[in-house]
Amino acid sequence: MRTPRADGEAISNAARIRKAALLSADMLTAARWDGIAPLLADGSTLSPRLHRRLFTEIAEAHGDPATFADGARRLTSMATDGRATAALRAGLAYHLAAFCPAVDRPTLTRLRAAYGEEAVAFALGHINLSAATPPLDLLSEQARQVVEADGWSMLALLADEYRISAAWRSAGWRDMAENGSASLLKGPALALAAAAVDEVAALKEGAGR
């Protein structure tokens with residue numbers, strides 16, 4: 001039997017997920033209201049009542065994020081900076097083994113300087129999932145752009161796998177995925193994207209306690 005406290009936590013969590021999903025939704029694509037575009041240029045101008053109405057409009061057409069499976073909920077409710085972090089980690093991990101299967105200390109130092117210690121740690125921890133791709137010089141000036149673009153493409157693949165409507169994805173996803181690789185291997189891409197999203201979400205949840 002559920003306790004009132006458990007019910008309250010479930011309601012609170014659902015509200016948090018819905019609010020976060022709405023903030024990151026592609027509202028200009030999803031909304032069906034006439035004349036809503038000017039208001040959506042700055043979401044802070046919408047009153048709580050209009051936010052609720054807008055959420056209802058999108059959820060009725062494209063599903064309620066609070067009812068999605070765990071992985072899909074984490075992805076839809078993740079803020080843009082969290083998604084960017086997950087994309088960088090996933091993209092770096094995807095390419096790491098082809099670049100350098102065995103990372104020596106000088107290379108490790110340079111990778112950390114280029115991508116950050118946390119992203120490199122994630123990539124090393126998941127190097128067994130890296131794809132057998134043409135090597136990308138991860139220390140070149142152009143490499144980070146490719147890594148990030150591929151990471152965003154991997155998140156988009158994961159959203160497709162979860163059957164998350166495009167309405168719940170910021171329009172910026174399409175822009176961020178440009179300039180990536182011509183193609184991605186679906187298996188490694190999905191596994192790494194899911195692992196990166198789970199790790200970033202868990203870190204955020206831990207920091208919020």
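Visitor: What pattern does the protein chain follow along the sequence?
Guide: The pattern is α-α-α-α-α-α-α-α-α-α-α. The chain has eleven helices and zero strands. Helices (H or I, at least four residues) and strands (E, at least two) are DSSP runs, numbered from the N terminus.

Visitor: What should I know about the source?
Guide: This is a predicted model, where local features need pLDDT of at least 70, side-chain atom pairs count only at pLDDT 80 or more, and totals for chains, interfaces and linings use all residues. Residues are numbered from 1 along each chain as its sequence is written, and side-chain values use heavy atoms, with hydrogens and water left out.

Visitor: How much of the chain is buried?
Guide: Buried residues are 40% of the 209 in the protein chain. Buried means under 20% relative accessible area, exposed over 50%, partly exposed in between (1.4 Å probe, protein chains only).

Visitor: And what share of the contacts joins residues at least 24 apart?
Guide: 81%, among contacts between residues at least 6 apart in sequence. Contact means heavy atoms within 4.5 Å.

Visitor: On to packing. At what angle do α6 and α8 pack?
Guide: About 45 degrees, with the axes 8 Å apart. Helix α6 covers residues 80-99 and helix α8 residues 117-125. Axes are lines fitted to C-alpha atoms, for helices over the stretch in contact, and angles run from 0 to 180 degrees between N-to-C directions.

Visitor: So what do you call that arrangement?
Guide: α6 and α8 are oblique to each other. Angles under 35 degrees count as roughly parallel, over 145 as roughly antiparallel, 65 to 115 as roughly perpendicular and the rest as oblique.

Visitor: Which residues make the contact of α6 with α8?
Guide: From α6, Leu88, Arg89, Ala90, Leu92, Ala93 and Leu96. From α8, Glu118, Ala119, Val120, Phe122, Ala123 and Leu124. By class that is ten nonpolar, no polar and two charged. Ala, Val, Leu, Ile, Met, Phe, Trp, Tyr, Cys and Pro count as nonpolar, Asp, Glu, Lys and Arg as charged, and the others, Gly among them, as polar.

Visitor: How does α7 sit against α8?
Guide: Helix α7 (residues 105-115) packs on α8 at about 125 degrees, with axes 7 Å apart. That makes α7 oblique to α8. Leu108, Leu111, Arg112 and Tyr115 of α7 touch Glu117, Ala119, Val120 and Leu124 of α8. The classes are six nonpolar, no polar and two charged.

Visitor: What about α6 and α9?
Guide: Their angle is about 110 degrees, and their axes lie 7 Å apart. α6 and α9 are therefore roughly perpendicular to each other. Among the residues that meet are Tyr94 and His95 in α6 and Trp152 and Met154 in α9. The contact divides into eleven nonpolar, four polar and four charged residues.

Visitor: Switching to loops. Where is Thr133, and is it buried or exposed?
Guide: Thr133 is in the loop between α8 and α9. Thr133 is buried, at 15% relative accessible area. Leaving aside neighbours within four places in sequence, Thr133 is in contact with Tyr94, His95 and Ala98.

Visitor: How many aromatic pairs turn up?
Guide: A search of the whole structure finds one. The ring centres of Phe55 and Trp168 are 5.7 Å apart and the planes are at 40 degrees, so the pair is tilted. Rings of Phe, Tyr and Trp (its six-membered ring) pair if their centres lie within 6.5 Å; planes under 30 degrees apart count as stacked, over 60 as edge-to-face and the rest as tilted.

Visitor: Where do the two partners, Phe55 and Trp168, sit?
Guide: Phe55 is in helix α4 (residues 48-62), and Trp168 is in the loop between α9 (143-161) and α10 (172-176). The two are 113 residues apart, so the pair links distant parts of the chain. Phe55 is buried at 13% relative accessible area, and Trp168 is buried at 1%.
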